[in-house]
Amino acid sequence: MAQAVASAALSATDAAQGERGGARRPGVRGRAAGVRRRPRFAVAAVAAGLALAVGMGGYAYASGQLVSVASAFDDVFLGSTAPTKVRNKVGRPVDAVATSDGVTISADAIMGDEHNYAVVYSIRRADGKPLGKIGTNANGTLTIDGKTPSADFDQSVDGTSGAGGESYFYDADPSDNAIQMVTKMTTDANVIGATMRTSFRGITLQDKGYRDAGTIATGSWNLKFKLNYESDSVALRPAGRLEVAGTDGSVRNVSVSPVGVTIDYVVNGTEKAPASGRWSPKYLDLGDITVTMRDGATMTVPSGAASSSEKDGKTVVSMGSFFDGMVDPSDVASVSFAGVTATA
């Protein structure tokens with residue numbers, strides 16, 4: 001069941017995925033999606049031999065995992081973290097469940113690679129009754145009583161300073177009273193084994209103009225669980241001359257996993273913040289990425305969420321892009337982007 005739920009979530013079509021957006025910040029807040037931003041990496045130094053040290057507004061545990069002060073106190077006030085069991089490489093959180101205002105939300109399945117992960121949540125009425133009449137609109141997007149569901153939520157992972165991606169709803173089992181919400185995120189750090197914190201504040205409905213059109217429940221649903229799952233990522237060998245927004249650079253790493261592509265690269269230049277204080281995303285966009293399979297088939301995916309930092313006059317970027325479905329990494333022959341081709 002875990003494999004079926006996660007696979008169905010990750011194989012949903014673009015039309016069924018609803019609104020999309022990106023966000024690059026330690027915690028992602030959204031109502032179906034976030035807002036694309038350009039963050040700066042956080043850096044913390046930990047004194048050798050100390051079990052706990054303060055650095056850059058957060059706490060760094062001896063394991064090297066950076067957590068915020070709020071997260072550290074959260075461990076005290078909200079209790080222990082729900083464990084996650086791994087079966088067939090898919091993580092299944094144990095007892096990551098919360099009920100408020102007559103609605104129960106649970107974290108059911110996790111899969112991904114080191115930097116890209118998807119979490120499947122289930123939302124249902126606690127009394128067993130349906131949330132409403134489940135259907136789809138002309139675009140294939142899930143609807144409840146003819147309206148689009150929306151979740152107001154925050155999601156963060158310890159040890160990361162940026163994350164971004166998308167979220168959407170689907171119905172894994174029409175015979176039960178639950179619907180599923182999927183969040184697909186790219187992060188700037190390896191998240192396997194880290195602690196995830198997700199807080200929901202309300203489940204509402206929107207009309208065709210994305211205006212509020214009803215409330216299913218408001219309350220407080222707080223889930224805390226381990227992002228335990230197994231990655232099948234495969235490293236590729238990049239070759240060629242990288243050019244991004246007219247500036248040359250180099251590629252540090254290209255890898256593919258069943259869920260997406262991760263590209264780490266350096267651009268030989270930096271961006272200056274304009275008077276508005278907002279950063280230009282020109283170095284964060286690699287354009288379309290072409291994935292060629294060993295049988296000659298190709299697919300194109302757009303650049304995904306990206307984060308960057310500046311060092312010695314250069315911009316260091318980490319970007320991740322999800323596939324619409326899933327692939328076997330061993331079937332990938334090459335990945336091409338911005339003048340570079342990385343081969344298996």
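User: What do β8 and β9 form, and how many residues are between them?
Analyst: β8 and β9 form a hairpin, and there are three residues between the two strands; strands here are DSSP runs of E with at least two residues, helices are runs of H or I with at least four, and both are numbered from the N terminus. This is a predicted model, in which local features need pLDDT of at least 70 and side-chain atom pairs count only at pLDDT 80 or more, while totals for chains, interfaces and linings use all residues. Residues are numbered from 1 along each chain as its sequence is written, and side-chain values use heavy atoms, with hydrogens and water left out.

User: OK, and how many bridges join β8 to β9?
Analyst: Nine bridges join β8 to β9, and the two strands run antiparallel; strands are said to pair if DSSP finds at least two bridges between them.

User: In which sense does β9 pair with β14?
Analyst: β9 and β14 pair in the antiparallel sense, over nine bridges, and A118 stands opposite K184 in β14.

User: How many of the ten residues of β9 are buried?
Analyst: Eight of the ten are buried, which leaves β9 mostly covered; buried means under 20% relative accessible area, exposed over 50% and partly exposed in between, with a 1.4 Å probe and protein chains only.

User: I'm looking at N116 now. Buried or exposed?
Analyst: N116, a residue of strand β9, counts as buried because its relative accessibility is 0%. The N116 side chain makes a polar contact with the side chain of T186 at 2.7 Å. Such a contact is a pair of N or O atoms within 3.5 Å; within protein, one must be able to donate a hydrogen and the other to accept it, and residues adjacent in sequence count only if both atoms are side-chain atoms.

User: Which residues is N116 in contact with, beyond its sequence neighbours?
Analyst: Leaving aside neighbours within four places in sequence, N116 is in contact (heavy atoms within 4.5 Å) with residues including M111, M185, T186, Y229 and S321.

User: And S321, which strand is that in?
Analyst: S321 belongs to strand β24, residues 314-322, and counts as buried because its relative accessibility is 4%. The S321 side chain reaches the backbone oxygen of P302 at 2.5 Å, and among the residues in contact with S321, leaving aside neighbours within four places, are N116, T186, I289 and P302.

User: Switching to aromatics: how many aromatic pairs turn up in the whole structure?
Analyst: A search of the whole structure finds two, where rings of Phe, Tyr and Trp (its six-membered ring) pair if their centres lie within 6.5 Å, and planes under 30 degrees apart count as stacked, over 60 as edge-to-face and the rest as tilted. One of the pairs is Y121 with F200, edge-to-face, at 5.4 Å centre to centre and 80 degrees between the planes. Y121 lies in strand β9 (residues 116-125) and F200 in strand β15 (residues 195-206), so this pair ties together parts that are 79 residues apart in sequence.

User: What about F153 and F200?
Analyst: F153 and F200 form a tilted pair, 5.9 Å centre to centre with 35 degrees between the planes. This pair also links distant parts of the chain, since F153 is in strand β12 (residues 148-157) and F200 in β15, 47 residues apart. F153 and F200 are both buried, Y121 is buried as well, and Y121, F153 and F200 form one aromatic cluster.

User: Which residues touch the most other members of the largest nonpolar core?
Analyst: In that core of 33 residues they are Y117, Y121, I123, F200, F225 and L227; a nonpolar core is a set of buried Ala, Val, Leu, Ile, Met, Phe, Trp, Tyr and Cys residues joined through side-chain atoms within 4.5 Å. The elements that give two or more residues to this core include β8, β9, β12, β14, β15 and β16. Another core, of 27 residues, lies apart from it, with L242, V244, V254 and F337 among its members.

User: Last one: how many bridges join β15 to β16?
Analyst: Eleven bridges join β15 to β16 (residues 212-226), and the strands run antiparallel, with T215 in β16 as the bridge partner of T204. Their hairpin has five residues between the strands, and Y210 there takes a positive phi near 60 degrees. D212 also lies in β16, and counts as exposed because its relative accessibility is 59%.
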